[in-house]
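Please have a look at the model shown here. The notes that follow walk through its sheet, its symmetry and its DNA contacts.

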There are 2 protein chains.
Amino acid sequence: MDVVLQRLSGRWTPHILWALANNGPTRFGELRRLMPGRVSAKSMSERLQILEADGLVDRRAEPTTPPEVTYSLTERGQDMDEILRAMHSVAERWEASQGPET
Amino acid sequence: MDVVLQRLSGRWTPHILWALANNGPTRFGELRRLMPGRVSAKSMSERLQILEADGLVDRRAEPTTPPEVTYSLTERGQDMDEILRAMHSVAERWEASQGPET
DNA sequence: CAGAATCCCTTGCGATACTG
DNA sequence: CAGTATCGCAAGGGATTCTG
């Protein structure tokens, strides 16, 4: 379980996986804009590299100018969807039946 | 979703909730021993206070000497079980079909 | 557009020592 | 037993600046 936790660690990691799961292959900038809140390009880039190294995300760069880099979920990355959906489910339930502050 | 993520944050948080879900009310020391790896008493205590403040965990202290403090899941804490089980499920699948390094 | 390079700051956590 | 008090460190991430 620790290994799963570790791969999900990082402020934006779950959001990134969630966005890719729901939007399919997405470009860097767009992915960044899909995040709820401000993410620095640095954090985004770093995290995506880690996710790629972890085998959860696939990176495909078109060698054009300007560059067009698209990220997508690997099979292993899609495994996470089960967890993300559970989170989303809980989140919606909490939001619905009362507005849990903070 | 962010609120759920935030409540699950912390190195030991998911493990704590998971342990409480599977073992029922558990005393401080025992809970600490159930963690996979070394946890300082400080971290454990801090995190439990946060979990209590977040309304996920209930703390019941028997005013004896030596003290006997028991932690358990609140209803809201049990909501997390859905997520934890998903994590556990993925963890087992990964562990079974190959030994994902790291 | 998609980063890489710096700089800096906050947070989380462990180790250790102490207490009612 | 179940904490609290201190100290110190490393990781994560934001802001900013620069580039092919």
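## The sheet of chain B

What is the order of the three strands in the open sheet of chain B? The order is 1-3-2, with antiparallel pairing; two strands count as paired if DSSP finds at least two bridges between them. Helices (H or I, at least four residues) and strands (E, at least two) are DSSP runs, numbered from the N terminus. Strand 1 (26-27) and strand 2 (57-62) of chain B stand at the edges with a single partner strand each, so one side of each has no neighbour in the sheet.

Strand 1 of chain B pairs with strand 3 (residues 68-73) of chain B in the antiparallel sense over two bridges, and Thr26(B) has Tyr71(B) as its bridge partner. Strand 2 of chain B pairs with strand 3 of chain B over six bridges, again antiparallel. There, Val57(B) stands opposite Leu73(B), and a hairpin of five residues joins strand 2 of chain B to strand 3 of chain B. Helix 2 (residues 13-23) of chain B lies across strand 1, strand 2 and strand 3 of chain B, at about 90° to strand 3; axes are lines fitted to C-alpha atoms, for helices over the stretch in contact (heavy atoms within 4.5 Å), and angles run from 0 to 180 degrees between N-to-C directions.

## How the model is read

This is a predicted model, in which local features need pLDDT of at least 70, side-chain atom pairs count only at pLDDT 80 or more, and totals for chains, interfaces and linings use all residues. Residues are numbered from 1 along each chain as its sequence is written, chains are lettered from A and ligands numbered from 1 in the order in which they are written, and side-chain values use heavy atoms, with hydrogens and water left out.

## Two copies, one axis

Chain A can be laid on chain B by a turn of 180° and a shift of 0.0 Å along the axis, with an RMSD of 0.0 Å; the superposition is by least squares on the C-alpha atoms of residues with pLDDT of at least 70 in both copies. The two copies are thus related as by a two-fold rotation axis. Of the residues of chain A, Ile83(A) comes closest to that axis, its C-alpha lying at 2.9 Å. The copies meet through the same surface, because 100% of the interface residues of chain A are also interface residues in chain B.

## Around DNA strand C

DNA strand C has 21 residues around it, and Arg59(A), Tyr71(A), Arg11(B), Lys42(B) and Ser43(B) come nearest; a residue is near if one of its heavy atoms lies within 4 Å. Sugar and phosphate make up 71% of the atoms of DNA strand C that come within 4 Å of the protein.

## Around DNA strand D

DNA strand D is surrounded by 21 residues, the closest being Arg11(A), Lys42(A), Ser43(A), Arg59(B) and Tyr71(B).
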